[in-house]
Amino acid sequence: MVSDTVTPPAPLRTGKGNLTHRASLTFLSSLLQQIARFIVGFIVTPIVIRGLGAELYGAWMMIQQTMGFLALSDMRPMGTLKFTLAVRQHINDVQEKRRQIGASILLWAGTLPVILAVGAGIVWASPFFIQTAAEYTREVQIAMALAVVVVALDRLLSLPGNVLRGMNLDYTAMGLNAATLLFGGIFTVVAIWGGWGLPGVAAASMIGIAVAGGVRFFIARHVIPWFGASRPTRKELLGFVRLSGWLFLAGLSGLLLHGSDLLLIGVILGPSAAAVYATTGAVLRLMIGPLGQILSSGGPGIAGLCGSGEWHRVNKVRTEMHVIAVGIMAVVGAGVLALNEPFLRLWVGDGFYGGHLTNVLLVLIAFEMVLFRVDSVIVDSMLEFRPKARAMLISGVFVVVAGGYMSSIWGLPGMAMGVFLGRLGLVI
């Protein structure tokens, strides 16, 4: 894939090139993918909970959040690539885009040893912060080691998908994106039914990511004739690294905001409490995740508008996204407030509801997440990672400190209150 040969521009094999048409197809693709994600999560989650039990399910939730922090060790080159391509999609310079891909690969290769070294340390230390019963210690370490491999693979395998998203062509993988999610869910169910426990669930995740990455690679090769990598100039590489650095800080801050609560609960109150907290918010995650992805599906198109300076259209899209987000969340939030407790009892059994106050706070947190997601799409499309990273870092540190302190006093509602206050400051 690496070449310095000058290749003349070739047309994309995408059918109609109208921006509105492509945006609608991208939205439809994201909608289909998120429907598949919801169905898989709805069916697979109770199977995993019952198959692993509360303690190991809580440990799996903690492993997933830990891997979110490890994933930042590569400085987010593939995420940066998505934004740099999106902003320049209206520029017909094939070689510049190939050099952007080359810069992302070089940065990934340079940080891979860091990922593996940090991952080895996490595997060794996992029994100290995921304190399960002694008979589960080895199982947790094996699952953590497999999760480290998943992170290392996912960083590179996500490149084709990010190129497709950056070029506003993710809809070309419409049906296959949804199919790979269904396959991943099937692998997980097979692992549970086969009695492979927590390592089996981690291995199923690895297989699902490998299949998804391979599918997107062949699609990218088909629809983007210039897809490949060229050696970047020193100036381009340094500029790419600088953007990645701010995106890394924003990602780290985002994990403190959105991906530290379960870890803190697990460390302070134990994995079983983390399982209860995670299950209480499971329906909201199943709904908010897809909604956030659908709202983000317009990101490449918005980035193109930002790149060409069409700010009046950007403002119009932002207003429409807010109206859609608030309307959907009003319905979802009311349903969760009224029905979450009896639903969880039927869905996963007794003992997994964290109480009415925790439930109310989680609904309010979900509102904050959706509002922030909309504005985050706009800010990222302008490549304004620096102010976003600073604001998120302050809020993230507040969540960790306040949430950890309040959870040690008031339990699950204390953590939810800390998260709510931290994110409220960010939204404001």
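Me: Which residues does Asn162 touch, not counting residues up to four places away in sequence?

Reply: Bear in mind that this is a predicted model. In it, Asn162 touches Met78, Gly79 and Lys82, once residues up to four places away in sequence are set aside. Asn162 itself has its place in helix H5, which covers residues 159-166.

Me: Is Asn162 buried or exposed?

Reply: The relative accessible area of Asn162 is 7%, and the cut-off for a buried residue is under 20%, so Asn162 is buried.

Me: How should I read the nonpolar cores, and which residues have the most contacts inside the largest one?

Reply: The general idea is that in soluble globular proteins, nonpolar side chains tend to be buried together. Here the largest nonpolar core has 83 residues, and those with the most contacts inside it are Ile63, Met67, Leu198 and Tyr277. Helix H1, residues 19-70, gives the most to this core, with 14 residues. Apart from it lies another core, of 23 residues, which includes Met78, Leu159, Leu169 and Tyr171.

Me: What is Tyr277 in contact with, leaving aside its neighbours within four places in sequence?

Reply: With those neighbours left aside, Tyr277 is in contact with Asp261, Leu262, Ile265, Thr358, Leu362, Leu412, Met415, Ala416 and Val419.

Me: Turning to helix pairs, at what angle do H3 and H4 pack, and how far apart are their axes?

Reply: Two packed helices are described by the angle between their axes and the distance between the axes. For helix H3 (residues 94-129) and helix H4 (residues 137-157), the angle is about 165 degrees and the axes are 9 Å apart. Angles over 145 degrees count as roughly antiparallel, and H3 and H4 are therefore roughly antiparallel to each other. The crossing in which H3 passes H4 is right-handed. On the H3 side the contact includes Trp108, Leu112, Ile115 and Leu116, and on the H4 side it includes Val140, Met144, Val148 and Val151. By class, the residues of this contact of H3 with H4 divide into 16 nonpolar, four polar and one charged.

Me: How do H12 and H14 pack, and which residues meet there?

Reply: Helix H12 (residues 299-307) packs with helix H14 (residues 356-381) at an angle of about 45 degrees, with their axes 8 Å apart. That angle makes H12 oblique to H14, and the crossing of the two is right-handed. Gly299, Ile302, Ala303 and Cys306 in H12 meet Val377, Ile378 and Ser381 in H14, and this contact has five nonpolar, two polar and no charged residues.

Me: At roughly what angle do the axes of H9 and H15 cross?

Reply: The axes of helix H9 (residues 261-269) and helix H15 (residues 385-410) cross at roughly 35 degrees and come within 10 Å. H9 passes H15 in a right-handed crossing. Leu264, Ile268 and Leu269 in H9 meet Val400, Gly404, Ser407 and Ser408 in H15, and the contact divides into four nonpolar, three polar and no charged residues.

Me: How do sequence separation and spatial distance read for Ala250 and Leu72, and for Gly208 and Val150?

Reply: Ala250 and Leu72 are 178 residues apart in sequence, and their C-alpha atoms are 10.0 Å apart in space. Ala250 lies in helix H8, residues 234-258, and counts as buried at 6% relative accessibility. Leaving aside neighbours within four places in sequence, Ala250 is in contact with Ala389 and Met392. Gly208 and Val150 are 58 residues apart in sequence and 9.7 Å apart from C-alpha to C-alpha. Gly208 lies in helix H7, residues 197-223, and is buried, with a relative accessible area of 13%.

Conventions. Residues are numbered from 1 along each chain as its sequence is written. This is a predicted model: local features need pLDDT of at least 70, side-chain atom pairs count only at pLDDT 80 or more; totals for chains, interfaces and linings use all residues. Side-chain values use heavy atoms; hydrogens and water are left out. Axes are lines fitted to C-alpha atoms, for helices over the stretch in contact, and angles run from 0 to 180 degrees between N-to-C directions. Helices (H or I, at least four residues) and strands (E, at least two) are DSSP runs, numbered from the N terminus. Angles under 35 degrees count as roughly parallel, over 145 as roughly antiparallel, 65 to 115 as roughly perpendicular and the rest as oblique. A crossing is left-handed if the near helix is turned anticlockwise from the far one by less than a right angle, and right-handed if clockwise. Contact means heavy atoms within 4.5 Å. Ala, Val, Leu, Ile, Met, Phe, Trp, Tyr, Cys and Pro count as nonpolar, Asp, Glu, Lys and Arg as charged, and the others, Gly among them, as polar. Buried means under 20% relative accessible area, exposed over 50%, partly exposed in between (1.4 Å probe, protein chains only). A nonpolar core is a set of buried Ala, Val, Leu, Ile, Met, Phe, Trp, Tyr and Cys residues joined through side-chain atoms within 4.5 Å.
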